[in-house]
Amino acid sequence: MSTKQFKGQALSWQLQGGVIELSLHREPCNELGSLSLPELEKFASALDDLEGDANALILYSELKCGFCAGADLRELYERSQSMEKSHAVRGVRDFLERIHRVLNRIDAAPLTTIAAVHGVTFGGGFELALVCDLIIADKMARFCFPEVRLGLIPGFGGIPRLKRDLGNAVVRDLLLTGRSINATKAQQIGLVSQVVSEGEALRAARATAAQIGKFDRETAVAAKQFIKPVPLEELREEIDIFCELFSRPAVQAGLKKFVESTDAQPYLP
Amino acid sequence: METAEKTLDEILTLAAAHFKVPREKLSPDEDFFTALGIDSLQTLDLLTKLENHFRVELPDYELQGVTDFRTLAAKIQARL
């Protein structure tokens, strides 16, 4: 089977004109869980073939609600309830290690990677965007690390990557308050490279990818390797802290509350 | 400097347009979840619209428990 294109249940990709486009399309809002992970792993493997013919990779969502609402908390809760605590923690660690392998692969890919985001870009969705070299946001995009509400920290590499890109004070603000910020604020703090009109993020990302395609690829790869090292040690540490926190009863209670919530504002930290 | 009444009026107009609800059907003290028929994700959309329109930053935890347009207007007014 050709690796040039793929259509899965959670995501699809295609390589055309030197640009790989990876689209997310799992209802309701691209929650990352057991359906998405194998397809993300498939993509990471396919990158070995794809990147020889590409200069850029664009990640975007086909869904109206936004880029990605993060980890599938419902699945996480249900699975952790159906097994013994030590098994649940082991399962979480296994999941995190697998998704980290995928994200580290995309992070270090010898391509210019662009996240074209709109709407909800929360938790694991924010972490997926942070893997990319550039974030182009439509003005209705919103970024948030809501994990603190559950007694957790981001687990898909969000803290080391946010710290790589931004000042520590901003990182603390986002992590400790769990508040969300809009695209304009995200651009002011240096997270987002371009803010565009509603519905224009993918178009702007394609224009940016076309521009990148005009330049020598080896130069881009060298610049990226120099300026964007993957913080492997901190990423490993983040998994350990996440797993330690996950084993506490408070987290199970937080997950239960979220999953069973009928509150009109569960997404408002 | 916008007056509180003007802020409230702009919120009602903006919400009506964004969620395609007749402006005259919205009243200041109404529960906006019910009036607009929106869920939490759409509430974030409204928050973003308002932040962009008024050029303010509204930490979402300040909106916890806010359900009517008038209180929402007061929160925005405090940041103008």
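Begin by selecting Gly213(A), which has 16 C-beta neighbours inside 10 Å and therefore counts as partly exposed. A residue is called partly exposed when its count falls between the limits of 12 or fewer for exposed and 20 or more for buried. The model on the screen is a predicted one.

**Around Gly213(A)**

With Gly213(A) still highlighted, trace the chain on either side: the residue sits in the loop that joins α8 (201-212) to α9 (217-227) of chain A. Then select Lys7(A), which is 206 residues away from Gly213(A) along the chain. The C-alpha atoms of Lys7(A) and Gly213(A) are separated by 25 Å.

**A cis peptide bond in chain A**

Move to Glu27(A) and Pro28(A). The peptide bond from Glu27(A) to Pro28(A) is cis, and its omega is near 0°. Most peptide bonds are trans.

**The contact between the chains**

Which residues form the contact? Colour the two chains separately: 17 residues from chain A and 16 residues from chain B take part in the contact. On the side of chain A that touches chain B, select β10 (180-182) and α7 (183-188), each of which supplies at least two residues. Sorted by class, this side of chain A has eight nonpolar, five polar and four charged residues. For the model, the scores are ipTM 0.88 and pTM 0.93.

**Two loop residues in chain B**

Continue into chain B, where the mean pLDDT is 91 and 99% of the residues reach 70 or more. Select Lys20(B), in the loop between α1 (4-18) and α2 (32-36) of chain B. Lys20(B) has a positive phi of about 55°, although it is not a glycine. Most residues other than glycine have a negative phi. Is Lys20(B) buried or exposed? Lys20(B) counts as exposed, because it has 8 C-beta neighbours inside 10 Å.

The last stop is Arg55(B), located in the loop between α3 (40-54) and α4 (69-77) of chain B. Arg55(B) is not a glycine, and its phi is positive, near 55°. Arg55(B) has 9 C-beta neighbours inside 10 Å and so counts as exposed.

Methods:
Residues numbered from 1 in each chain as written. Chains lettered and ligands numbered in written order. Predicted model: local features only at pLDDT ≥ 70, side-chain atom pairs only at ≥ 80, totals over all residues. pLDDT = per-residue confidence, 0-100. Contact = placed C-beta atoms within 7 Å. Helix = DSSP H or I, 4+ residues; strand = E, 2+ residues; numbered from the N terminus. Nonpolar A, V, L, I, M, F, W, Y, C, P; charged D, E, K, R; others polar.
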